[in-house]
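Me: I am new to this model and would like a close look at one part of it, the aromatic rings. Please set out the overall layout before you get to them.

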Amino acid sequence: MRIISGKYGRRRFDVPSSFSARPTTDFAKENLFNVLSNLVDFEGLEALDLFAGTGSISFELLSRGCKNVTSIEKNNAHAAFISKVAKELKDENMRLIKGDAFRFLKSTEAESFDFIFADPPYALKELPDVPGIVFERKTLRPGGIFVMEHPASYDFSKLPFFDQRRAYGAVNFSIFINNEKSGLEQGREKAHE
């Protein structure tokens with residue numbers, strides 16, 4: 001696993017060969033972050049990495065300046081690997097939660113994030129439900145970006161907040177931008193009416 005850019009750029013970590021996780025390829029990750037860098041400045045953002053796997057995206061987000069990253073991973077070995085890499089990096093801005101991503105989403109009424117990445121296992125039958133849950137639970141803040149990695153067989157383009165789809169080999173990303181206005185913005189608009 002390689003961190004592409006930022007303060008940990010070019011650092012490599014050996015993922016155990018026994019892992020069942022399918023990490024986002026370096027090629028796909030690099031292209032995705034090239035697209036995202038035109039949409040968002042990661043500096044100071046609060047991010048959520050659902051189905052974190054090896055933690056590859058979490059560490060990329062930390063490297064690019066996110067204020068904090070919450071990683072959700074239920075597999076014991078994968079969570080232990082994420083914890084080990086975080087310790088090696090000596091980065092205090094990562095919160096690892098060993099648990100189920102759906103349970104986390106359903107219990108986070110008070111928590112919201114500026115940036116969310118989800119890479120559920122491609123065979124997961126609930127995979128198509130993830131975007132709906134993220135938006136129903138208001139987990140993504142107004143103005144925030146949600147990226148869903150998925151196989152080519154899924155089309156999320158009819159969902160609210162869908163912005164674009166990018167494909168890199170067999171890896172597909174659907175990008176959503178929450179264009180709802182925050183309470184502060186709504187208050188300012190009313191004041192100017």
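Reply: Helices (H or I, at least four residues) and strands (E, at least two) are DSSP runs, numbered from the N terminus. On that basis the protein chain has six helices and seven strands. Their order along the sequence is α-β-α-β-α-β-α-β-α-β-β-β-α. The model is a predicted one, in which local features need pLDDT of at least 70 and side-chain atom pairs count only at pLDDT 80 or more, while totals for chains, interfaces and linings use all residues. Residues are numbered from 1 along each chain as its sequence is written, and side-chain values use heavy atoms, with hydrogens and water left out.

The overall dimensions come next. Along the principal axes, the C-alpha atoms of the protein chain fill a box of roughly 60 × 35 × 30 Å. The radius of gyration of the protein chain is 16 Å, which agrees with the value near 16 Å that a compact globule of 193 residues would have. This radius is taken over C-alpha atoms, and the globule rule is 2.2 Å times the number of residues to the power 0.38. A residue is buried under 20% relative accessible area, exposed over 50% and partly exposed in between (1.4 Å probe, protein chains only). By this count, 47% of the 193 residues of the protein chain are buried. Contact means heavy atoms within 4.5 Å. Of the contacts between residues at least 6 apart in sequence, 66% join residues at least 24 apart.

Now the rings. Those of Phe, Tyr and Trp (its six-membered ring) pair if their centres lie within 6.5 Å; planes under 30 degrees apart count as stacked, over 60 as edge-to-face and the rest as tilted. The structure holds 14 such aromatic pairs. One of them joins Phe 19 and Phe 81: the ring centres are 5.6 Å apart and the planes stand at 80 degrees, so this pair is edge-to-face. Phe 19 lies in the segment before helix H1 (26-36) and Phe 81 in helix H3 (residues 76-89), so the pair ties together parts that are 62 residues apart in sequence. Phe 19 counts as buried because its relative accessibility is 15%, and Phe 81 is buried as well, with a relative accessible area of 5%.

Phe 135, Phe 146, Phe 161, Phe 162 and Phe 176 form one aromatic cluster. Within it, Phe 161 sits in the loop between E5 and strand E6 (162-168) and is buried, at 18% relative accessible area. The backbone at Phe 161 has a phi near 70 degrees, a positive value in a residue other than glycine. Most residues other than glycine have a negative phi.

Lys 90 also has a positive phi, near 55 degrees. Lys 90 is in the loop between H3 and strand E3 (94-97) and is exposed, with a relative accessible area of 69%.

Pro 142 belongs to strand E5 (residues 140-150) and is partly exposed at 39% relative accessibility. The C-alpha atom of Pro 142 is 18 Å from that of Val 130, 12 residues away along the chain. Lys 67, in the loop between helix H2 (56-63) and strand E2 (68-72), is partly exposed at 47%. Its C-alpha atom is separated by 5.6 Å from that of Glu 46, 21 residues apart along the chain. Leaving aside residues up to four places away in sequence, Lys 67 touches Gly 44, Leu 45, Glu 46 and Asn 93.
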